[in-house]
Amino acid sequence: MALGKYSRVDGRKSSSSCSTVTFVVFIGLCLVGVWLMTSSSIVPVQNVDDTTQETKNEVLTQIKESNQIQPKQFEDNPGTLPEDATKGDNLTISTDEGNFSQPEKTVERAQKPDQQSGDEQNNLENRPKSETESDDGAKKDSVSNMGDQEFKSKMDENKSVNEKQYSYGQGESDDDSKATTLKSNQVENKSENSVASENTDISKTEVTIENKSEGMASEKEVLSSAAQSELLNETMTEDEAWKTQAAESKKEAEKSSEPAPTTDSGWKLCNVTAGPDFIPCLDNLQAIRRLRSTRHFEHKERHCPDEPPTCLVPLPEKYQCSIQWPESREKIWYHNVPYTQLAEYKGHQNWVKVSGEYITFPGGGTQMMQGALPYIDTIQQSVPDIAWGKRSRVVLDVGCGVASFGGFLFDRDALTMSLAPNDEHEAQVQFALERGIPAFLGVMGSKRLPFPGKVFDVVHCARCRVPWHAEGGKLLLELNRLLRPGGYFVWSATPVYQKEPEDVQIWKAMKKLLKAICWKVISIYKDKLNKVGVAVFQKTSSNECYEQRSEKEPPLCKDSDDPNASWNVPLQACMHKIPAGEAERGSKWPEQWPARMEKTPYWLLSSQVGVYGKPAPDDFVADYEHWKRVVSTSYATGMGINWSTVRNVMDMRAIYGGFAAALKEMNLWVMNVVNIDSPDTLPIIYDRGLIGMYHDWCESFNTYPRTYDLIHADHLFSSIKKKCNFEALVVEVDRILRPKGKLIVRDKVEIIGELESMYKSMQWDVQMTYAKDTEGLLCVHKSIWRPKEAITLPYAIAQKEDIARAMALKEELKRIPHGTAPEIFGLAENT
């Protein structure tokens with residue numbers, strides 16, 4: 001039913017005609033009023049040119065009253081607006097057994113048909129009948145409605161989380177969801193010329209876009225579909241496949257710190273001896289002074305302060321935004337890592353050189369003076385089965401130096417985790433990360449490395465004078481734990497090819513140990529170009545050799561010793577058995593790269609329940625599909641991120657590594673972090689051909705400040721807030737993220753609000769906020785701002801004895817001949 005047009009009243013007509021017209025108008029208005037009060041639909045009102053202003057206001061008042069009485073159904077032009085666009089911020093999630101629900105199709109703007117984009121028209125045309133209008137033109141409700149007051153109350157409640165205005169969005173679609181700020185529409189009494197247009201849009205919701213980055217695609221998905229909400233509902237099962245690292249690690253210390261209140265002001269700089277290179281858990285000089293021994297490099301291991309710092313690390317003087325990859329592999333800004341000692345020691349070996357305002361990396365090293373690529377290719381020529389980038393995808397480089405080996409393995413499609421101690425060679429890991437090469441600070445000392453067992457395809461050690469044979473072969477047995485059955489150990493060191501008495505003795509001890517642990521000598525050859533020798537060994541792939549040994553040394557580990565347990569677990573001189581069952585991880589080699597990234601690991605069984613509650617294989621696939629959708633339709637183009645400037649990425653809560661896998665086509669690498677109290681999914685990540693490590697986010701990460709271009713945190717902050725110092729984690733992200741770097745957070749709305757407030761107080765640029773129901777998203781870019789005031793951290797201030805010890809070490813290093821490195825055990829006594 002629609003209102004008809006009336007003839008214009010002419011004062012020159014007879015009084016009889018005037019009375020007739022007046023009567024007709026009166027009856028018509030009465031009928032309209034009755035209809036408006038009883039109809040289940042609100043009909044847009046057209047211009048009534050013949051009525052007086054008083055009559056128009058009366059009609060508008062009736063429309064408002066009717067809207068308050070019956071808010072559930074609205075009638076719009078067909079195809080103009082999906083019904084859930086009028087329902088506040090409610091989201092209905094439909095579940096389908098074994099699959100994630102598909103999102104409800106919605107559009108962002110309340111547009112007329114001729115104003116809609118092609119995608120929006122398609123969304124509406126393809127909408128099932130249950131989600132669009134029925135045959136009689138009225139919409140059906142697929143989501144629950146709330147009244148005006150209830151809606152406003154809910155919005156006020158969400159707004160007041162941190163006394164901030166957050167962005168709220170309407171429903172999302174797989175193809176085209178948006179970052180929006182939602183406001184309830186208010187109908188005002190407009191002038192005579194705007195009555196019709198105002199009432200036509202009476203049921204629509206006003207939407208605006210928060211878009212602070214030039215070139216940002218404002219109409220792209222920023223928060224994934226309803227599938228995301230389902231994915232976030234993790235189920236903690238008793239399945240042995242999902243034990244946590246904390247449960248596995250026998251020596252895990254209990255954490256009892258109380259959450260500290262957050263603040264949005266009063267930030268201060270950290271006044272510490274390490275200055276701009278402060279690493280809280282490695283620069284705890286107070287704890288290091290209390291160590292009884294440094295024989296096993298305990299002083300290079302983690303010693304976290306009782307209270308994590310909540311101050312900001314200063315920037316180096318004249319700091320510049322990092323050079324982009326691949327140019328960064330060859331050179332970096334000198335002022336970003338202003339250290340020349342390594343160039344002085346190793347410059348003649350093509351490690352690193354100083355050239356004006358740059359530090360350059362010719363691509364060589366102690367064992368590859370003529371370049372890393374010829375050295376890498378010679379290894380494969382010696383052992384074709386290594387097959388870089390196909391069979392061998394994930395590599396561990398122990399004693400990596402400036403990580404040129406890993407940097408050039410990218411050209412062979414292999415991914416390397418480079419490992420070295422803090423400042424053993426000045427700033428070597430810092431150089432590697434600044435270059436854009438995966439690296440982290442660690443030492444083979446008294447504890448296991450933070451990786452699960454049987455995950456690395458190849459372990460490499462060039463000129464590392466690690467005493468592999470000492471103390472029952474404890475350090476080599478740690479490599480045995482990490483190496484995949486059938487994997488290779490590439491050892492390029494002087495005992496392989498030199499005949500000095502010490503080298504001969506080490507080689508003899510190594511051969512004996514290698515035979516005892518059932519590693520085969522595959523190749524020993526001379527690299528004529530680099531004039532070094534390289535030995536390649538292969539780990540056994542069965543228990544047969546273990547059982548046939550005449551001497552049972554080193555012994556097999558006890559059955560109760562979990563090879564995956566590594567967080568604060570002491571090194572042990574024993575070997576773990578090789579998996580024998582076909583469904584056991586490690587009994588087979590993964591698919592060749594790149595197929596292994598998408599292939600569900602063979603040992604994930606349907607009888608296992610995945611992290612999100614589905615059968616494990618379905619869980620794995622759904623997670624990957626979810627992140628591919630989010631990255632392609634949201635992250636790639638919808639957040640104002642120039643991905644060509646992104647090289648070093650961290651996923652702070654990786655689960656299956658789906659986020660990293662979805663970034664495969666981009667020219668970057670991802671450090672996948674699995675928290676120690678989360679389901680232990682890190683072996684899956686490695687089986688996919690990706691890298692990562694265990695960590696406890698109640699503590700600082702083992703990396704230098706300013707080492708990551710982008711950090712991704714999916715529901716990490718809310719879990720950490722329940723048990724740790726929330727503000728310390730916020731500061732830790734600031735520490736490890738480069739200036740102008742990006743942080744993407746998906747979490748609860750209240751967490752998003754707190755983070756937005758805190759990072760704004762650090763003068764970060766908030767690019768985007770989005771929220772739907774209780775879930776939200778935040779994208780912020782770090783600034784170069786630093787506070788003026790400073791606070792001293794006594795535990796990180798060097799004392800006179802620390803300085804004297806450091807000077808003694810420096811003099812000792814000067815006496816070491818070029819081309820060698822201090823042994824881990826020997827020189828450690830003097831540090």
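R746 stands opposite L777 in strand 20, where strands are DSSP runs of E with at least two residues, and helices runs of H or I with at least four, each numbered from the N terminus. The model is predicted: local features need pLDDT of at least 70 and side-chain atom pairs count only at pLDDT 80 or more, whereas totals for chains, interfaces and linings use all residues. Residues are numbered from 1 along each chain as its sequence is written, and side-chain values use heavy atoms, with hydrogens and water left out.

Strand 18 (residues 737-748) and strand 20 run antiparallel and are joined by seven bridges; two strands count as paired if DSSP finds at least two bridges between them. Strand 19 (residues 765-772) also runs antiparallel to strand 20, again with seven bridges, and A771 is placed opposite G776 of strand 20. Two residues lie between the strands in the hairpin of strand 19 and strand 20, where D773 takes a positive phi near 55 degrees.

## Burial of strand 20

Strand 20 (residues 775-781) is largely enclosed by the rest of the structure, because seven of its seven residues are buried. Buried denotes under 20% relative accessible area, exposed over 50% and partly exposed in between, with a 1.4 Å probe and protein chains only. One side of the strand carries E775, L777, C779 and H781, the other G776, L778 and V780, and all of these are buried, which leaves both faces covered.

The open sheet comprises seven strands in the order 16-15-14-17-18-20-19, with mixed pairing. Strand 16 (691-695) and strand 19 are at the edges with a single partner strand each, so one side of each has no neighbour in the sheet. From one strand to the next, the twist averages 15 degrees.

Strand 14 (residues 648-651) and strand 17 (residues 708-714) run parallel, joined by three bridges. Within this pair, V649 has L710 of strand 17 as its bridge partner.

## Helices on the sheet

Helix 23 (residues 726-736) lies across strands 14, 17 and 18, at about 145 degrees to strand 18. Helix 24 (residues 749-761) packs on the sheet and touches strands 18, 19 and 20, its direction making about 160 degrees with that of strand 18. Contact means heavy atoms within 4.5 Å; axes are lines fitted to C-alpha atoms, for helices over the stretch in contact, with angles from 0 to 180 degrees between N-to-C directions.

T378 belongs to helix 11 (residues 372-382). Its relative accessibility is 18%, so T378 counts as buried. Leaving aside residues up to four places away in sequence, T378 touches Y525 and D527.
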